[in-house]
Each structure stands twice: as structure tokens, then as C-alpha cells.
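Subject: A structure for you to explore

Hello! Here is the structure I promised to pass on. Have a look at it first, and then read my notes below.

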Amino acid sequence: MHVVMLLYPDLTQLDLTGPYEVFGRFPELTLDLVWKTRAPVADCRGLTILPTHDFADCPQADILFVPGGPGQLALMEDEEVLGFLRRQAAGARYVTSVCTGSLVLAAAGLLKGRRATCHWLSLDQLALLGAVPVAERVVVDGAVVTGAGVTSGIDFALALTAHIFGEARARHAQLFMEYDPAPPFPGGSPASSDPALVAQIRAETASFQTRREETARRVATALDQAGAGA
């Protein structure tokens, strides 16, 4: 099975590398890191990752995966990327994402009417694009599987591999990775955090979130117009 994992500038690398670590423990899965070219791609913190394929020579995905990150904003109106995702999704068994990668899938028209999740700061934007936002760490809606923010990518990948290969093998991978989260502080989600801290993070990201919502609204309008013209 081919796992086609989209690389792009300014992604959040843990959205990608968390699932990559899990998927890499299943020999049945071939992992393809794909971007427009094979030039190195820098994440939002400067970590450089090398694609294994470009769009032109990418094999057909059995599992199509899109990570999130600040660079997601540009992808939502990049027809080359959206067209690639639509073509791959048409032949994939599973269409998946972590964090704001679900907004990219939605921008491609792939989440219409589907239950999906996203990073908590952007979850409500899924509704603008025709998806049904669900505030859960991993959401499964048929062949669409989405994970919430950043660290949930490990949970997402373990849930998906359990579905495909059985719980016993997913548990084996989980133990080998020593994935037994015990964070040093409570409050890793808005529901369990001090409201003042949640408000602080919302204020710190307000400008970017406004841009993200404006983009989502433009894309939603374009999707509606395309649907009306079909």
C-alpha cells in the first residue's frame, strides 16, 4: 500500500513526522513524500525534508495524507495542489489529514458533508467549506480519517493502522515507540486549560486566524460557484 504524504513549504513537521513514524513500522506500507518538485522543503521552523517524488511521478495513493501548518493557507488557493489531491483522492482507499491539513482537503472539495476535525483554533472553519466540525482527537467518517492538532497525528496513525492491520499490531507499534503520554503540565487542550491561557493564545494568533478565515470564506464561495455551474 502506498501512503502519499504531501510535503509543502511552512508545514508543521510533527503533523507529518508523527504519522510517518507510526506508518514506517508497518512493512506493508510504502511511504511517499510528495511535492511539486524534488527540491528540499523547509517546515515552518526551518527543518528541511527531502521529497521522494514530485507530482508528475507520484504513484497512486492507497492512503492520501495532508499535514497542516501555516503554509496550508497558500495551498487552499493553489489549483495545482488541489487538482493533485482530487486526482489522488479519486483512487485512494483512505483520504486523511492532521491539523489544518483538513482545511486543504476541504478546499479541494473532498470533505463535503463529512465529519472531520482540525486544530482547535481553526475547527469552526471546516463548516465554511461544507464539512461537519467535530471536536475530537481522531474522527473517522467512512474512508475519511482526520486528526486534530499536531500531536494527535500519532493517535491518528495508530487508529488508522489498527483499522487496517488490527489492534494487536497497532498496540505493538505503540509500545515499541513508548507512546504513553504523560505531559508535565495539565491543559493540553482548550477544554482542560486555564481560560486565560486559551484567550492569550487566541489573541496571539488572531491576525493569522483572520487571514485563515478570510481564505476559507473565499474558497467556500468558489466551491459554491463551481457547484452551481456543474
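**The sheet**

In β11, valine 138 has glycine 147 as its bridge partner. Helices (H or I, at least four residues) and strands (E, at least two) are DSSP runs, numbered from the N terminus, and two strands pair if DSSP finds at least two bridges between them. Before we go further, please note that this is a predicted model, in which local features need pLDDT of at least 70 and side-chain atom pairs count only at pLDDT 80 or more, while totals for chains, interfaces and linings use all residues. Residues are numbered from 1 along each chain as its sequence is written, and side-chain values use heavy atoms, with hydrogens and water left out.

Back to that pair of strands. β10 and β11 run antiparallel and are joined by four bridges. They form a hairpin with two residues between them, and glycine 142 in the turn has a positive phi of about 60°. On its other pairing, β11 runs parallel to β7, again with four bridges, and serine 97 stands opposite threonine 146 in β11.

Now look at where the side chains of β11 go. In a regular strand the side chains alternate between the two faces of the sheet. Here Val144 and Thr146 point one way, Val145 and Gly147 point the other way, and all are buried. Buried means under 20% relative accessible area, exposed means over 50%, and partly exposed lies in between (1.4 Å probe, protein chains only).

What is the order of the strands in the whole sheet? The sheet is open, has seven strands with mixed pairing, and reads β5-β2-β1-β6-β7-β11-β10. β5 (53–54) and β10 (138–141) stand at the edges with a single partner strand each, so one side of each has no neighbour in the sheet. Further in, β1 (residues 2–6) and β2 (residues 30–35) pair in the parallel sense over five bridges, with valine 4 having aspartate 32 of β2 as its bridge partner.

Two helices pack on this sheet. Helix α3 (residues 79–91) touches β1, β2, β6 (63–66) and β7 (94–98), and its direction makes about 165° with that of β1. Helix α6 (residues 152–165) touches β6, β7, β10 and β11 (144–147), and its direction makes about 160° with that of β7. Contact means heavy atoms within 4.5 Å; axes are lines fitted to C-alpha atoms, for helices over the stretch in contact, and angles run from 0 to 180 degrees between N-to-C directions.

**Aromatic rings**

A search of the whole structure finds five aromatic pairs. Rings of Phe, Tyr and Trp (its six-membered ring) pair if their centres lie within 6.5 Å; planes under 30 degrees apart count as stacked, over 60 as edge-to-face and the rest as tilted. Phenylalanine 26 and phenylalanine 165 have ring centres 5.0 Å apart and planes at 15°, so this pair is stacked. It links distant parts of the chain: phenylalanine 26 is in the loop between α1 and β2 and phenylalanine 165 is in helix α6, 139 residues apart. Phenylalanine 26 is buried at 2% relative accessibility, and phenylalanine 165 is buried at 18%.

Tryptophan 35 and phenylalanine 55 have ring centres 5.9 Å apart and planes at 80°, so they are edge-to-face. Tryptophan 35 sits in strand β2 and phenylalanine 55 in the loop between β5 and β6, 20 residues apart. Both tryptophan 35 and phenylalanine 55 are buried.

**The core**

Which residues touch the most other members of the largest nonpolar core? In this core of 64 residues, they are Leu6, Phe23, Trp35 and Leu126. A nonpolar core is a set of buried Ala, Val, Leu, Ile, Met, Phe, Trp, Tyr and Cys residues joined through side-chain atoms within 4.5 Å. Helix α6 gives the largest share of this core, six residues.

**Two residues in loops**

Cysteine 99 has a positive phi of about 60° although it is not a glycine. Cysteine 99 is in the loop between β7 and α4 (101–107) and is buried at 5% relative accessibility. Glutamate 178, also not a glycine, has a positive phi near 50°. Glutamate 178 is in the loop between α7 (167–176) and α8 (195–204) and counts as exposed at 70% relative accessibility.

Enjoy exploring!
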